[in-house]
Amino acid sequence: MEQWESRGHLLTEQINVSSQNLDQLTSLELVDLFNREDVQTLLAIARSRESLAEAIDLATAALRQGGRLFYVGAGTSGRLGVLDAAECPPTFCTPPELVQGIIAGGAGALVRSSEDLEDRAEDGAGAIALRQITHLDVVVGITAGGTTPFVQGALQAACQRGAKTVFIACVPVEQVEFEADVDIRLLVGPEILAGSTRLKAGTVTKMALNILSTSVMVKLGKVYGNRMIDVAVTNKKLHDRSLRILMDLTEIDREAAEILLEKSGKSVKLALLMQWTGLDAVSGQDLLNQHQGQLRQAVLSRNLPLR
């Protein structure tokens with residue numbers, strides 16, 4: 001693994017000419033400057049559309065075959081990966097082990113700076129071994145500057161175990177080369193505050209992870225139209241959302257939706273299938289299982305019109 005002593009040539013470390021008078025700006029001028037610079041995050045996503053699509057297809061195929069999705073990072077990158085993983089269970093009712101975040105320094109690094117731990121490639125490799133990652137899994141390494149040893153060590157160890165790998169960085173390939181199945185470069189340019197990659201680099205990384213995880217869940221059948229039909233009904237807000245989804249898609253009233261949701265075991269997807277097909281909960285779940293949880297395919301298999 002290449003050791004980086006001077007990183008000044010990296011895009012993420014360069015000086016932003018638009019913010020050289022940062023300490024002299026008014027509050028409104030600061031807001032306007034951030035707003036102008038953040039446009040680069042949208043452009044970076046657009047330029048990376050094909051590689052993002054590759055990562056979506058790679059992860060979808062792996063999860064369909066019983067694999068898992070892992071995010072690996074340090075500092076801001078690691079926190080963003082953990083955040084995206086943590087949001088999958090409540091949004092898509094996935095088991096917590098399906099999408100996991102690995103951060104250098106462990107859980108403590110989520111709230112306390114542990115950036116020195118990112119320099120240990122062996123710790124990254126150890127994290128892969130600890131989670132018994134196999135050829136069924138996908139590991140996404142997130143490193144704004146591309147050089148983080150913890151991330152590179154993790155990805156190399158994952159590759160040796162046969163896992164598919166995705167590399168996400170905010171520097172061009174010619175500055176940092178790395179061998180991965182999918183290479184995503186989110187080039188947002190130098191930060192307003194030189195080297196502070198929690199800014200544009202962090203924002204564009206969050207955007208990319210939103211796209212990746214949400215798209216994978218869509219393809220896994222956890223969405224119907226644009227509704228989160230595998231939502232976990234765990235609080236009043238999500239209970240209300242579940243009822244509104246049922247009311248909107250079936251045109252039943254709230255009281256009937258409440259009864260239907262209870263009969264389905266608080267599964268919006270199953271409740272919809274029961275309402276549209278007339279099946280009971282057990283038969284409806286069997287039908288969904290036959291179609292890998294894909295509600296649209298299950299409905300079509302009964303020769304019923306789509307809603």
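Two strands are taken to pair if DSSP finds at least two bridges between them. The model shown in these views is predicted.

**View 1. An open sheet of five parallel strands**. The strand order is E2-E1-E3-E4-E5, with parallel pairing. Strand E2 (99-103) and strand E5 (182-185) each have a single partner strand and stand at the edges, so one side of each is left without a neighbour in the sheet. On average, and with direction ignored, neighbouring strands of this sheet are turned by 15° against each other.

**View 2. The pairing of strands E1 and E2**. Five bridges join strand E1 (residues 69-73) to E2 in the parallel sense. Opposite Tyr71 stands Gly101 in E2.

**View 3. Helix H5 across the sheet strands E1, E2, E3 and E4**. Helix H5 (residues 149-160) lies across E1 and E2 as well as strand E3 (138-142) and strand E4 (164-169). The helix runs at about 160° to E3.

**View 4. The packing of helices H1 and H6**. The axes of helix H1 (residues 27-47) and helix H6 (residues 200-219) are 9 Å apart and form an angle of about 35°. The crossing in which H1 passes H6 is right-handed. Glu37, Asp38, Gln40, Thr41, Leu42, Ala44 and Ile45 in H1 meet residues of H6, namely Lys200, Thr203, Val204, Met207, Ala208 and Ile211.

View 5. Five nonpolar, five polar and three charged residues make up the lining of the second largest pocket.

Key. Residues are numbered from 1 along each chain as its sequence is written. This is a predicted model: local features need pLDDT of at least 70, side-chain atom pairs count only at pLDDT 80 or more; totals for chains, interfaces and linings use all residues. Side-chain values use heavy atoms; hydrogens and water are left out. Axes are lines fitted to C-alpha atoms, for helices over the stretch in contact, and angles run from 0 to 180 degrees between N-to-C directions. Helices (H or I, at least four residues) and strands (E, at least two) are DSSP runs, numbered from the N terminus. A crossing is left-handed if the near helix is turned anticlockwise from the far one by less than a right angle, and right-handed if clockwise. Contact means heavy atoms within 4.5 Å. Ala, Val, Leu, Ile, Met, Phe, Trp, Tyr, Cys and Pro count as nonpolar, Asp, Glu, Lys and Arg as charged, and the others, Gly among them, as polar.
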